Amino acid sequence: MTFPQFVYRNVVRNKRTYAAHFLSSAFSVMIFFVYALFIFHPDIKKGVANVLAIQLMTAAEVIMYVFSFLFVLYSVSTFLKSRKREFGILMMHGMTRGQLNKMVFLENMIIGISAIVAGIGLGLITGKLFLMIGSQVVGMGDLPFYFSTKALLLTAIAFLILFFCISLFTTALVRVNKLIDLFQAGVKPKKEPKVSVLLSILSAILLLVSYYLAATATMQTLVFRMLPVIAMTVIGTYFFYTQLSVFLVKLLQRNRGLFWKKTNIVTISSLAYRLKDNARMFFMVTIVSTVAFCAVGTLASMNVMNKQFDKAFPAEISYRAVDDQPIHQQNLKQIETELKAKEIPYTMNQVQLKFVAIASSTDRYTPEKIPVISFADYKKIAKAAGYKSIEKPLVGTNVLEMRTASFSNWEEITYTLKQDQIKLAQNKSTKNVVVPMQVIFQSGLVVSDELYAKLTPVDTQTLTGFYTKNLEDTAGIGKGLVEDSQSTVTDDHPFVMAVSGTLYEYQMTMYKMMLFVALLIGAVFFIAAGSFLYFRLYADLDYDRRHYLTITKVGLTDRELNKIVTQQLLLLFFVPIIVAFVHSAFAFMALQSFYQLSIAKEIVVVLASFLVAQMIYFFVIRYRYLRNLKKTLI
Amino acid sequence: MSILTVDHLEKIYEGKVAHKALDNINFSVEKGEFVGVMGPSGSGKTTLLNLIATIDRPTAGEILINGKNPHVLNRKETALFRRHELGFVFQHFNLLDTLTVEENIVLPLTLDGESIKEMDKKLQYVTKKLGIDSILKKRTYEISGGQMQRTAIARSIIHKPSLILADEPTGNLDSKASKDVMETITAINKEDQATVLMVTHDPFAASYCHRVIFIKDGQLYNEIYRGENRQAFFQKIMDMLALLGGDNRDLSTVRL
């Protein structure tokens with residue numbers, strides 16, 4: 001046979017060993033391809049709202065690519081390590097280093113190209129399914145399956161480059177100094193893990209500090225704290241695994257009463273061994289899982305923003321007329337007609353807005369005029385909107401800031417009006433939103449009724465509000481008057497109108513899109529984490545077999561073997577996940593500061609689903625692993 | 001000229017407890033000789049073979065194969081040296097289980113980039129001689145132990161090396177397979193003038209050698225020659241082993 005024939009046969013006949021690596025590579029290719037199908041789909045390209053979606057997906061695509069690179073590299077290096085003995089034999093027969101490099105390179109290219117073909121093939125088959133799900137999520141109606149050659153080419157070329165680079169890399173990974181090291185690689189016992197007390201303490205400090213900073217973060221401090229906390233968490237986690245956990249287990253070992261009890265002796269000693277050995281893997285699984293949890297959790301929590309919509313828009317449809325033209329009567333009539341046509345019960349009210357001139361203010365930017373509304377009118381709006389608030393009526397020159405959004409960072413400002421130099425000090429805000437920002441475009445004040453009567457405005461405007469029970473019903477009303485449910489004041493458009501139903505729909509669509517993208521990324525990361533575990537387990541399988549064979553010769557029942565293996569697998573599978581949970585929990589605490597309502601429900605749902613997935617994975621792997629082990633034992 | 005010269009060879013394994021595996025080993029093997037190395041477990045015979053096979057590096061001393069010292073060559077030259085000058089027959093066969101029998105045998109030639117025609121010619125010659133030409137297309141897990149070992153032997157001679165190194169070639173075989181293998185190696189040694197250095201603890205296998213070197217605790221202990229009769233040689237080997245294993249004050253059991 002020729003050399004290429006040899007390499008080819010070596011690969012093709014070794015399917016068991018390559019299976020995991022091949023499957024995970026093919027999976028990466030498939031996800032990438034499906035995303036590309038979305039991005040290049042001609043129907044999705046239309047529609048203004050979807051520009052953001054395309055941007056998001058492209059960003060996700062890039063993330064996926066970088067991640068696939070690292071992931072494939074890791075799985076390849078794991079496989080190379082398990083083939084040391086084979087390389088020893090080949091070199092013993094006189095294979096030069098150059099030939100070995102060529103062989104490894106060719107092998108990787110063969111597997112890579114097959115993975116690309118398989119991944120694209122799978123993508124074509126499941127693509128239709130994804131497009132269906134995706135179009136439901138985005139709310140676009142059925143997307144026909146469109147075979148995009150651009151998507152195909154992009155995927156094929158991108159991954160060809162990826163596999164080419166990795167194949168080059170891996171040749172550097174095979175280190176051969178003495179052949180005897182290669183032969184003994186599987187047999188040599190591993191060195192005892194050493195621990196540094198200093199680093200253990202450092203890791204504990206880093207983690208505790210990051211947790212504290214995350215838990216006490218507010219909306220303002222969050223942005224500054226984010227990067228340092230992430231860096232500290234990553235470093236702390238790394239040292240936690242390589243140092244602190246080994247330290248803890250060694251402490252366990254000193255307690256003879258516990259250590260020398262039944263099967264504990266085997267479990268705990270293997271643990272101490274495995275922890276250091278697998279520290280790097282644990283670290284990666286934890287970080288990757290945390291990213292997955294945070295991505296999905298953050299987006300799921302945005303659902304709360306949807307719930308807060310109600311609070312952001314007291315009137316489901318707001319109409320602010322900037323002057324007294326008869327066109328306003330026409331428009332208002334039209335809105336009413338549309339509401340009646342849709343059989344939506346509603347109430348309507350109108351309040352007056354006085355715009356008063358400002359002489360100066362303590363704010364950075366002093367507006368020329370600000371809108372003012374009387375306390376009685378504010379109460380009228382709040383009542384019609386169904387808000388419950390027990391605020392004391394204002395007296396004298398006490399004023400409240402006119403709230404324009406659910407959460408706002410207002411500041412204490414003192415305005416000096418041109419009129420009689422009246423000083424109005426704003427040091428509190430109304431409990432409820434008075435006029436949404438989308439309608440008023442600037443901040444304003446709520447004043448006492450007596451002061452309102454005294455004020456001389458430079459401009460007066462009428463604010464009409466339509467109040468309905470369900471804001472979703474109002475979606476699409478007034479389409480002719482506003483595009484996209486908002487408007488700016490122009491000459492032939494002397495009013496501002498906001499339809500919360502349409503806005504809500506828009507936000508929901510965006511939210512669903514982002515959730516879809518996040519879910520896909522989260523799934524990929526989570527599966528990658530699972531693969532890391534799988535690779536680790538099967539790389540050590542030979543060693544474990546011999547290990548347990550030795551112990552069975554001493555006398556070990558099946559049940560005891562099950563117990564030992566289960567205990568170790570439990571730790572291997574769930575320690576990184578639990579640490580990832582803890583990390584994410586603190587991250588979510590920081591996230592909560594963004595929202596008024598609690599995001600707990602969404603977060604719990606997300607974390608619970610990941611936990612269930614991991615548990616299923618655990619049971620499946622445990623079953624197969626035990627079966628594999630027992631094959632060699634009698 | 002000697003095919004193999006071992007001069008003041010020493011190997012010390014470093015570590016928490018340093019262990020001297022070989023101490024001042026000197027011997028040489030002429031072309032066409034069939035030499036056996038025997039000794040109790042832990043005597044260092046496998047270490048010796050590993051050093052000669054370039055699998056491991058000596059701590060001190062010199063090995064010359066065909067006048068060349070393989071341990072001073074650079075990596076590429078070492079690989080070529082292994083490919084051209086050495087052949088291996090090891091206890092655990094070391095066949096690649098992803099290849100068929102014939103692919104395993106032609107592996108050294110494939111690595112050398114020989115033409116398919118040449119490879120086929122040599123393959124036919126070697127497998128016919130060893131009687132395994134009927135199992136060429138089979139995979140390694142489909143053949144018996146004796147057949148596996150003969151495949152390994154075929155692989156070790158197909159490129160006509162200067163020196164064939166065998167480590168416990170009969171270790172995993174039953175008596176019939178052992179006999180077959182030893183007779184095969186003897187035939188190759190006689191007909192093709194192949195020089196063979198064999199490490200074994202099986203006196204039956206050692207009795208096929210021209211001479212046997214005994215090693216104890218990393219040092220040369222004794223050396224005996226075959227003479228005419230293999231059965232008598234077998235008895236001499238047994239006596240030597242008894243001496244090796246027992247106390248010095250034991251009476252030798254050489255029959256008069």
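Between chain B and chain A of this predicted model, about 2,600 Å² of area is buried, 62% of it from carbon and sulfur atoms; buried area is the accessible area (1.4 Å probe) lost by two parts on being put together, summed over both. In chain B, the residues that lose the most area to chain A are I55(B), T98(B) and L111(B), which together account for 23% of what that side buries. Counted as contacts (heavy atoms within 4.5 Å), the interface brings 29 residues of chain B against 26 residues of chain A.

Polar interactions also cross this interface. Ten residue pairs, both members at pLDDT 80 or more, are in polar contact between chain B and chain A; such a contact is a pair of N or O atoms within 3.5 Å, where within protein one must be able to donate a hydrogen and the other to accept it, and residues adjacent in sequence count only if both atoms are side-chain atoms. On the side of chain B that touches chain A, at least two residues each come from α2 (75-85), β5 (86-90), α4 (107-112) and α5 (116-130). The largest share, six residues, is supplied by α2(B). By class, that side comprises 13 nonpolar, six polar and ten charged residues. Here Ala, Val, Leu, Ile, Met, Phe, Trp, Tyr, Cys and Pro count as nonpolar, Asp, Glu, Lys and Arg as charged, and the others, Gly among them, as polar. Helices (H or I, at least four residues) and strands (E, at least two) are DSSP runs numbered from the N terminus.

Two salt bridges are found across the interface, a salt bridge being a side-chain nitrogen of Lys or Arg within 4 Å of a carboxyl oxygen of Asp or Glu. E103(B) pairs with R9(A), with the closest N and O atoms 2.3 Å apart. This pair joins two chains because R9(A) lies in helix α1 (residues 3-12) of chain A and E103(B) in helix α3 (residues 101-105) of chain B. E103(B) also meets R13(A) in a salt bridge, at 2.7 Å from N to O.

The second largest pocket has a volume of about 670 Å³. A pocket is an open set of points on a 1 Å grid over the protein atoms alone, where a 1.4 Å probe fits, with protein on both sides within 12 Å along at least five of seven lines; lining residues have an atom within 4 Å of a point. Grid points are joined across faces, edges and corners, and the volume is the space filled by probe spheres set on them. Of its 23 lining residues, M226(A), I230(A), T290(A), C294(A) and A587(A) lie nearest the centre. The lining contains 17 nonpolar residues, five polar and one charged, and α10(A) gives the largest share, seven residues.

Residues are numbered from 1 along each chain as its sequence is written, while chains are lettered from A and ligands numbered from 1 in the order in which they are written. Local features need pLDDT of at least 70 and side-chain atom pairs count only at pLDDT 80 or more, whereas totals for chains, interfaces and linings use all residues; side-chain values use heavy atoms, with hydrogens and water left out.
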